[in-house]
Amino acid sequence: AYIPLDIIYVNDQFEIVRIRANTQPQTLNQVTSNAPALYVVEVNAGFAEQHGIKEGDKIAFQRLQ
């Protein structure tokens, strides 16, 4: 099953530069950042709002080797 996603774009300083909330699955429409981003984090739609995640917030995560 395909589900909508929140797509969170993160720059090289680990700052969230763009959140595209509730993106629709299986579409050919591009979902872009409009700001330089090095990482993309995909979570279930609504996650960012439910957890108070906003553009400008910092994020921490570990890259898998």
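User: How many aromatic pairs does the structure hold?
Analyst: Welcome! This is a predicted model, where local features need pLDDT of at least 70 and side-chain atom pairs count only at pLDDT 80 or more, while totals for chains, interfaces and linings use all residues. Residues are numbered from 1 along each chain as its sequence is written, and side-chain values use heavy atoms, with hydrogens and water left out. Rings of Phe, Tyr and Trp (its six-membered ring) pair if their centres lie within 6.5 Å; planes under 30 degrees apart count as stacked, over 60 as edge-to-face and the rest as tilted. By that rule, the number of aromatic pairs in the structure is three.

User: Is the pair of Phe14 and Tyr39 stacked or edge-to-face, and how far apart in sequence are the parts it ties together?
Analyst: The rings of Phe14 and Tyr39 are 5.6 Å apart centre to centre, with 15° between the planes, and the pair is stacked. Phe14 sits in the loop between strand E1 (5-10) and strand E2 (16-23), while Tyr39 belongs to strand E3 (residues 39-44), so the sequence distance between the parts tied together is 25 residues.

User: What kind of pair do Phe14 and Phe61 form, and how far apart in sequence are the parts it joins?
Analyst: The ring centres of Phe14 and Phe61 are 5.7 Å apart and the planes stand at 75°, so this pair is edge-to-face. Phe61 lies in the segment after helix H1 (47-50) and Phe14 in the loop between E1 and E2, so the pair ties together parts whose sequence distance is 47 residues.

User: Which residues do ring pairs link into a cluster?
Analyst: Phe61 is partly exposed at 33% relative accessibility. Ring pairs link this residue into a cluster, whose members are Phe14, Tyr39 and Phe61.

User: In what order do the strands form the sheet, and which strands stand at the edges?
Analyst: Two strands pair if DSSP finds at least two bridges between them. Three strands form an open, antiparallel sheet in the order E2-E1-E3. Each edge strand has a single partner, so one of its sides is left without a neighbour in the sheet; these edge strands are E2 and E3.

User: Over how many bridges does E1 pair with E2, and over how many with E3?
Analyst: E1 and E2 pair in the antiparallel sense over five bridges, and here Val10 stands opposite Ile16 in E2. On the E3 side, Val10 faces Tyr39 and Ile8 faces Val41. The antiparallel pairing of E1 with E3 has a bridge count of six.

User: Which residue in the turn between E1 and E2 has a positive phi?
Analyst: E1 and E2 form a hairpin with five residues between them. In that turn, a positive phi of about 65° belongs to Phe14.

User: How many residues of E1 are buried, and what share of the protein chain is buried?
Analyst: E1 is mostly covered, with five of its six residues buried. For the 65 residues of the protein chain, the buried share is 22%.

Note on methods:
Helix = DSSP H or I, 4+ residues; strand = E, 2+ residues; numbered from the N terminus. Buried < 20%, exposed > 50% of the residue type's maximum accessible area, 1.4 Å probe, protein only.
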